Amino acid sequence: MNKFFLKTIGFYINSIGLLFPAYAAKVAIKLFSTPRKGRLKPHQIDYLNAAIQEDLFYDNIRIKTYHWKGSKSTILLVHGWESNTHRWKELIELLKTCDYNIVALDAPAHGASGNTLFNALLYSECINTTALRYNPDVIIGHSVGGMSTVFFQHKYQYPSIKKLALLGAPANFTGIFKNYVDMMSYSKKVDKGLTNYVKKHFNHPPEYFSTAHFSKTLKAKGLIIHDEKDTIIPFSDSLLIDKHYDNASLIKTTGLGHKLKSNEVYQYILDFINA
């Protein structure tokens, strides 16, 4: 969506908020939680059809999982916003040559999974459902997939998970929320309504949901990779996570952007897993 169109939608929601702030917040949250892309394309389906596929369910939401069997440790791949399992193709091929047991899932409202809405807490529960089925040793999460992975492990504390790799992960929910409010030019009334909506439906204010603070409870060895020029999630987020995640190391890349798709990154991950 172009900026003018976003501002127009923001103006419309602000107008609703003058008289009906709770309803305006509900509309804004729905817009925030609805991916515009990330469903599978034909060439992506062709590649993923080579995997063993299984549908799992969380709260009646179908979770599509993919499995490439191997004899070594089980690695779970968790993609980010408006993406799907195919984003891991190059890494999957590298892990296959090392005979790792590879599992991936499509997030709710992404890829071949069900639902129309997405949020990091829902994704964390889908990760838990997948972990119950496949019992991973290592989880690699990109962007909000990394955030949801931390939310999951903070809540469930799986002893079997020995390593976590977080790629371009946001440090907290407030930063994501602020970017959304600024992008849409929401009024203070709508902004307050969003905060109240989160409190009402998730039992905590937005600032509670912090990758950085939740990282304090993680025992698994961690790897944080973030590009210094990331324009989606700022590099400063990685510093916050690293500050609180005692058993983690941080690698700064240059020129790879938010996607972090490169042989350099894949080698960092492979070295981390093999260590």
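**Entry 1: the largest pocket**

I looked up which element contributes most to the lining of the largest pocket and found α7, with 6 residues. Helices (H or I, at least four residues) and strands (E, at least two) are DSSP runs numbered from the N terminus. The model is a predicted one, in which I took local features at pLDDT of at least 70 and side-chain atom pairs only at pLDDT 80 or more, while totals for chains, interfaces and linings use all residues. Residues are numbered from 1 along each chain as its sequence is written, and side-chain values use heavy atoms, with hydrogens and water left out.

I noted a volume of about 1400 Å³ for the largest pocket. Of its 38 lining residues, Arg36, Lys37, Trp81, Glu82 and Ile232 are the closest to the centre. I used a 1 Å grid over the protein atoms alone, on which a pocket is an open set of points where a 1.4 Å probe fits, with protein on both sides within 12 Å along at least five of seven lines; lining residues have an atom within 4 Å of a point. A volume is the space filled by probe spheres set on the points.

By class, I recorded 17 nonpolar, 13 polar and 8 charged residues in this lining. Asp, Glu, Lys and Arg count as charged, Ala, Val, Leu, Ile, Met, Phe, Trp, Tyr, Cys and Pro as nonpolar, and the others, Gly among them, as polar.

**Entry 2: the second largest pocket**

I found about 610 Å³ of space in the second largest pocket. It is lined by 28 residues, and Asn119, Ala120, Leu121, Leu122 and Phe202 lie nearest its centre. α2 supplies the largest share of this lining, 6 residues. The lining divides into 18 nonpolar, 6 polar and 4 charged residues.

**Entry 3: salt bridges**

I counted 8 salt bridges, each a side-chain nitrogen of Lys or Arg within 4 Å of a carboxyl oxygen of Asp or Glu.

Arg36 pairs with Glu82, the closest N and O atoms being 4.0 Å apart. The two lie 46 residues apart, Arg36 in the loop between α2 (21-32) and α3 (42-48) and Glu82 in the loop between β3 (74-78) and α4 (89-97). I read Arg36 as exposed at 54% relative accessibility and Glu82 as buried at 14%; buried means under 20% relative accessible area, exposed over 50%, and partly exposed in between (1.4 Å probe, protein chains only).

I also checked Glu125 and Lys155, whose closest N and O atoms are 2.7 Å apart. Glu125 belongs to helix α5 (residues 120-134) and Lys155 to helix α6 (residues 144-156).
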